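Biologist: Hi! Could you walk me through this one before I dig into it myself?

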Amino acid sequence: MGHLEEKYKKLKEIIKNMDSVLVGFSGGVDSTLLAKAAVDALGKENVLAVTVASELKPKWEQEQARKIAEKIGVPFLPIDKKQLTSEISANPVNRCYICRKALLEDTLKLAKEKGFVHIVLGDNADDLHDFRPGYKASQEMGIRSPLAESGLTKKEIRELSKQLGLPTWDKKPFPCLATRFPFGEKITEEKVRNIDQAEIFIRSLGVSDIRVRHHNKVARIEVEPKDFPIIMGNKDKIIEKLKSFGYRYIALDLQGFRSGSMNEMLEK
């Protein structure tokens, strides 16, 4: 048995010992592998994939999660949740901690109501070495992260997903829209809608990875360097579109796309 097969076996054993699980499910590469392993280990009658439907999650992403859940045969339940509370709107450095804690409190109640023994999330081994205040909230509340527990990295999760025929093996990460704002910048529903529409528009031009970062009147566009020609070739359209959302200056980040770039503003 290969290295990855051993890790997948370990993952299933960890989950099997939980009896029944409610999976925090986004339809991304991590949570999809986790849900697949849960079904393999426990049977679909002992698994429920739950996704949050809120103003910080685009509707297209929620619909995509439903389709992926159907494809892998896991029961699926969307939960409507208003995430932009006054605390989250203020956008403190520990925003993810506050947000995840509130979500998990609701999810724990749901798990109890529906008779699920554990809640499991898709944090992986790489996440343990990044600034992840949300992971801290999970630990404090006794929530399990089987991918991290089995030592699976993001690269290994993608490779395993490919071997298992999961449609998400090469899916791009898409964190919540609050990550487009620098800490301390107030987040409003209007700003979130504008960022969502800006990214949808630029993605429609043929760009693979895209983040539009909000800096007051500046929109900072992050794309892969290979996609710079697409941005420059459509710059007039992009400028017109983003200025319609109230941005005065439109900037292309020459460092290119990178996950979690807002964390660069934090002091080490």
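Modeller: Happy to! One term to begin with: buried means under 20% relative accessible area, exposed means over 50%, and partly exposed lies in between, using a 1.4 Å probe and protein chains only. This is a predicted model, where local features need pLDDT of at least 70, side-chain atom pairs count only at pLDDT 80 or more, and totals for chains, interfaces and linings use all residues. Residues are numbered from 1 along each chain as its sequence is written, and side-chain values use heavy atoms, with hydrogens and water left out.

Biologist: Great. Is D30 buried or exposed?

Modeller: D30 is buried, because its relative accessible area is 12%. D30 is found in helix α2; helices are DSSP runs of H or I with at least four residues, strands are E runs of at least two, and both are numbered from the N terminus.

Biologist: And what is D30 in contact with?

Modeller: Leaving aside neighbours within four places in sequence, D30 is in contact with G122, N124, L147, K154 and I157. Contact here means heavy atoms within 4.5 Å.

Biologist: How many residues of α2 are buried?

Modeller: 12 of the 14 residues in α2 are buried, so the helix is mostly covered. Among them are V29, L33, L34 and V39. Just after α2, G43 takes a positive phi of about 85°.

Biologist: At what angle do α2 and α8 pack?

Modeller: Helix α2 (residues 29-42) and helix α8 (residues 154-163) pack at about 55°, with axes 10 Å apart. Axes are lines fitted to C-alpha atoms, for helices over the stretch in contact, and angles run from 0 to 180 degrees between N-to-C directions. That makes α2 oblique to α8, since under 35 degrees counts as roughly parallel, over 145 as roughly antiparallel, 65 to 115 as roughly perpendicular and the rest as oblique.

Biologist: Which residues meet there?

Modeller: From α2, V29, D30 and L33 meet K154, I157, R158, L160 and S161 in α8.

Biologist: Switching topic, where is V218?

Modeller: V218 is in strand β6 (residues 218-223). V218 is partly exposed, because its relative accessible area is 28%.

Biologist: What does V218 touch?

Modeller: Not counting residues up to four places away in sequence, V218 touches R213, Y247, Y249 and A251. The C-alpha atoms of V218 and I250 are separated by 5.9 Å, with the two residues 32 apart along the chain.
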